[in-house]
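Hi everyone, thanks for making the time this morning. Let me put the model up on the screen, and then we can walk through it together.

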Amino acid sequence: MKNITKSKNNLYSLGALVLLLGFLAFLQSDTAGYSYQISILERSAIYAVVAVSMNLLTGFTGLFSLGQAGFMAIGAYIVAIFTIPVEARASVYYVSGISPVLANIQLPIPVALLLGGLASAALAALIGIPVLRLKSDYLAIATLGFSEIIRAFIAAPMFDTITNGSYGLKNIPGFSSIFTVFGLAALCIVLMVLLIHSSYGRAFKAIREDEIAAQSMGLNLFRYKELSFVISSFFTGVGGGMLAMFMRSIDSKTFQVSLTYDILLIVVLGGIGSVTGSVLGAFLVTSGRELLRFFDDPLVIGGVSIPLFRSGFRMVIFSILLMVVVLFYRRGIMGDKEFSWDGLFGLIRRLPDRLKKRKTSSAAPGEGGLKQ
Amino acid sequence: MSFTTFLQQCLTGISLGGAYALIAIGYTLVYGILRLINFAHGDIFMMAGYFMIFAMASLPWFLAIPVTLLVTVLLGVSIERVAYRPLRSAPRMSVMISAIGVSYLLQNLATYLFTALPKGYPEIPFLKRIFQIGGLSASFVTFLTPVLTLVLVYLLILLINHTKIGMAMRAVSKDYETASLMGIKINKTISFTFAVGSLLAGIGSILYFTDRMTVFPFSGSLPGLKCFVAAVFGGIGSIPGAVIGGFILGLGETALVAMGQSTFSDAFTFILLIVMLLIRPTGLFGEKTTDKV
Amino acid sequence: MTDKKNILHMDQITMQFGGVVAVNGLTLDVNEHEIVALIGPNGAGKTTAFNCVTGIYQPTYGSVSFQGEVILADTPQGKMRRLYAGDVTPASLTPVHKTPDQVTKLGIARTFQNIRLFGNLTVFDNVLIAKHMRAKQNVFSATLRLNHKEEQRMRDESMELLQMQGLAHLKDEIASSLPYGLQRRLEIARALATNPSLLLLDEPAAGMNPQETQELTDFIRQIRDDYHLTIFMIEHHMDLVMQISDRIYVLDFGKLIAQGVPDEIQNNPKVIEAYLGVSDNVDD
């Protein structure tokens with residue numbers, strides 16, 4: 001009986017995968033016509049990688065880091081510096097020229113992405129040594145600070161020949177197709193999921209649950225926190241590299257603290273401690289932001305222009321949304337549960353009852369998750 | 001560098017440090033009581049800047065200042081009421097995320113309402129008067145800031161050590177639950193703490209922006225972070241610590257700018273943080289706390 | 001006394017917090033295959049003494065040896081030299097500080113007075129986590145599932161342990177949802193999963209009724225024999241302590257006031273005074 005449900009669920013998953021691939025192939029068939037949709041989906045997939053890596057740290061190890069933008073910047077700049085075609089470099093570094101050391105080094109894209117991830121992992125290891133020995137509040141503030149320092153260094157005039165200072169880098173090679181983006185993102189996320197479900201993932205969760213008990217199980221707190229921090233930063237760096245390829249041109253302003261807050265919104269909305277929640281959140285937030293774009297345009301109804309609608313209103317709506325989730329739906333969409341077909345069907349079955357209940361007694365909204 | 005220039009730089013540093021100290025106290029007070037990094041504190045400071053711009057547009061300075069301070073205090077207290085109080089029993093991470101949310105909201109709201117372009121900060125004539133002492137010349141606000149900071153800190157310490165509400169604040173910061181069992185009104189005490197913190201941030205804002213002349217939606221975020229570092233440096237929860245941290249930060253930063261390394265004056269703060277955490281994690285005046293097993 | 005092999009030796013352990021001396025010059029021995037109890041009124045410093053054995057606290061003065069190896073040692077330094085208020089005059093000792101995880105690796109496992117399970121994880125995961133420390137794997141082999149043999153071994157061993165503890169049918173339950181008595185039992189199972197040779201139990205019978213306490217008595221004896229353990233425990237239930245212990249140490253205000261076999265302790269006037277002087281509710 002159990003096996004039948006299981007194979008049935010596998011069948012559903014396979015079906016969903018085929019549908020997704022079909023949809024992507026459909027978009028890919030007319031890249032010019034669907035460029036807007038493609039760009040939203042690609043950005044979502046990249047944010048999903050970063051959000052899952054933030055969740056690995058925050059949701060599964062219980063450490064709260066706010067350095068995502070900084071680690072993404074490192075990945076992005078490494079990928080950019082080493083993949084901009086050599087012949088295009090003169091036009092990119094037209095102000096101060098490029099450092100002769102770097103001028104002729106061009107790496108294949110996968111190598112550059114890996115290098116970007118490794119560089120941010122190495123920096124994370126360094127920061128982690130002093131900070132992870134302390135309470136996690138300090139980690140939040142120190143990583144946030146580092147993220148700003150990294151930006152300051154990138155924009156500093158003395159590194160102009162490497163980072164092109166405040167002019168940013170352009171002509172970064174892009175992705176050949178949407179499949180590359182989704183494939184890479186899926187690879188990163190699958191690796192993180194495998195880690196979370198391994199013996200090491202259990203050790204991370206033990207630390208999240210109770211540090212003292214985890215220690216008495218023979219787990220060296222610092223070692224495992226550092227490990228989780230380094231791995232999370234690795235994937236954040238890779239995500240940053242992917243973002244650079246997606247955007248084709250980057251500068252230090254791309255990686256402001258607000259980027260970290262975007263990722264945080266995704267993780268909180270999806271549910272802290274749920275990988276599928278983070279993925280779902282990445283697609284919802286990224287496309288939601290595009291859909292909300294009309295808030296930024298002046299709105300005229302029957303000749304009367306509604307005064308609220310102007311540039312910046314979208315972000316206000318967005319931050320209010322974050323506050324509403326934090327205050328009233330603290331568990332987010334998925335809580336700490338993962339998506340499952342049984343959970344989805346269960347929800348659909350219960351939906352009529354729930355609606356009826358809500359009508360009769362205007363009860364407080366539930367956690368609104370797919371519970372198994 | 002001549003001796004006069006050196007003194008001039010010191011004066012600038014001390015003045016900046018005074019403004020930092022006033023903000024850092026807000027962090028230290030709130031952290032002491034709620035164990036929360038109030039990420040929105042820097043943005044309250046930024047909003048106070050805007051309030052002042054609008055108050056000065058229609059009021060003379062001696063009315064504009066109290067109005068600005070009052071509105072800032074209201075903002076601080078209502079943030080606590082709306083965004084932190086409902087999460088009293090929630091995990092600490094949720095409260096921290098809520099604080100980030102408020103900070104994000106205030107920045108976006110400021111961008112929406114006042115645009116992202118820097119707005120000119122009004123000049124208060126008597127604060128901008130230039131004084132000459134020997135070879136030193138500086139505006140009145142430069143001399144006023146450190147003096148006012150020290151006076152305010154003295155008053156605050158008196159308040160905390162010698163009044164009933166001060167005793168309540170000390171009790172709540174030592175043990176939240178026991179304090180409530182002893183009949184201390186937790187919510188009132190916390191609101192009061194936010195009011196004091198916001199008041200100091202408001203005063204700090206006037207002193208800081210009078211020297212800088214412009215306000216923009218993100219002008220609170222970096223000073224906010226720095227002042228939190230100042231509070232950690234001095235030992236989080238300790239008021240004299242926050243003050244000394246603020247002054248050290250102000251002096252260090254000014255020294256780097258004077259040496260022509262202004263790009264790294266921001267980085268200096270965080271390097272200071274890391275060094276302190278390595279050598280003395282509890283900060284200069286912090287107390288060591290041990291979890292009960 | 002006994003010619004059995006010494007397992008745990010605490011030598012003049014003094015633990016001072018600020019001006020308060022929580023444990024004052026405690027010297028005791030636990031020998032192989034013994035069940036030794038540490039008793040005393042509330043606040044006598046028993047749990048502090050445990051925390052000094054497992055490395056959660058670094059003692060202010062004194063040393064702890066496990067199977068002949070010094071695992072913790074210190075002597076007052078810096079400000080503490082002036083503040084030191086212990087009875088024993090400190091001699092110079094080379095500081096040794098094994099962290100709690102290192103102590104566990106050496107073979108000392110413990111349970112906690114106020115249960116510390118991994119509350120949101122399953123019963124099975126709680127035990128499985130304890131197996132991680134001795135597993136031969138690294139983060140790459142574990143992620144890429146190259147360690148599947150090792151993983152399978154860990155799972156089999158954990159399952160076997162749960163079966164022996166009668167918790168197998170609960171393996172997929174969330175730990176914090178178990179009834180109190182089973183949570184205690186799971187905590188012991190989890191400690192056993194680290195393959196210890198010395199087990200420290202901090203008030204294993206707290207909150208149990210007389211019948212459960214009786215079951216626990218048998219259970220402790222049984223695990224000692226099944227797993228070749230030495231057991232050192234803190235307990236308030238005198239029935240349990242008197243029935244099960246080979247020897248008893250009595251602590252009051254951080255100081256050792258008596259030691260001996262159960263009969264000696266029961267009739268020791270100092271012990272009676274310590275208990276009656278503080279509280280007449282020994283069961284609490």
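Chain B has 12 helices and 4 strands, where helices (H or I, at least four residues) and strands (E, at least two) are DSSP runs, numbered from the N terminus. Before I go on, a word on what you are looking at: this is a predicted model, in which local features need pLDDT of at least 70 and side-chain atom pairs count only at pLDDT 80 or more, while totals for chains, interfaces and linings use all residues. Residues are numbered from 1 along each chain as its sequence is written, and chains are lettered from A and ligands numbered from 1 in the order in which they are written.

Back to chain B. Its radius of gyration is 19 Å, which agrees with the value near 19 Å for a compact globule of 293 residues; that radius is taken over C-alpha atoms, and the globule rule is 2.2 Å times the number of residues to the power 0.38. Along the principal axes, the C-alpha atoms of chain B fill a box of roughly 60 × 45 × 35 Å. Of the 293 residues in chain B, 48% are buried. Buried here is a count: 20 or more other C-beta atoms within 10 Å of a residue's own, with exposed at 12 or fewer, partly exposed in between, and C-beta atoms placed from the backbone.

Now, how many residues does each chain bring to the contact between B and A? Chain B gives 32 residues and chain A gives 32 residues, with contact meaning C-beta atoms, placed from the backbone, within 7 Å. On the chain B side, α4 (92-114), α10 (221-234) and α12 (265-279) each give two or more residues. The most comes from α4(B), with 13 residues. By type, the chain B side splits into 23 nonpolar, 8 polar and 1 charged; nonpolar is Ala, Val, Leu, Ile, Met, Phe, Trp, Tyr, Cys and Pro, charged is Asp, Glu, Lys and Arg, and the others, Gly among them, are polar.

Over to chain A. Its mean pLDDT is 87, and 95% of the residues score at least 70; pLDDT is the predictor's confidence in each residue, from 0 to 100. Confidence in chain A is highest in α11(A), at 97, and lowest in strand β2 (residues 304-306), at a mean of 71. Over residues 361-372 of chain A, pLDDT stays under 50.

Two backbone spots in chain A are worth a look. Asn164(A) has a positive phi, near 60 degrees, in a residue other than glycine. Asn164(A) sits in the loop between α7 (160-163) and α8 (178-196) of chain A, and counts as buried because it has 28 C-beta neighbours inside 10 Å. Arg248(A), also not a glycine, has a positive phi of about 70 degrees. Arg248(A) is in the loop between α11 (221-247) and α12 (257-270) of chain A, and with 14 C-beta neighbours inside 10 Å it counts as partly exposed.

Last, chain C, with 11 helices and 11 strands. An open sheet of 5 strands in chain C has the order β2-β1-β4-β5-β6, with antiparallel pairing; strands pair if DSSP finds at least two bridges between them. Within chain C, β1 (residues 6-17) and β4 (residues 61-66) are joined by 5 bridges. Asp11(C) has Ser63(C) in β4(C) as its bridge partner.

Conventions: Two residues are in contact if their C-beta atoms, placed from the backbone, lie within 7 Å.
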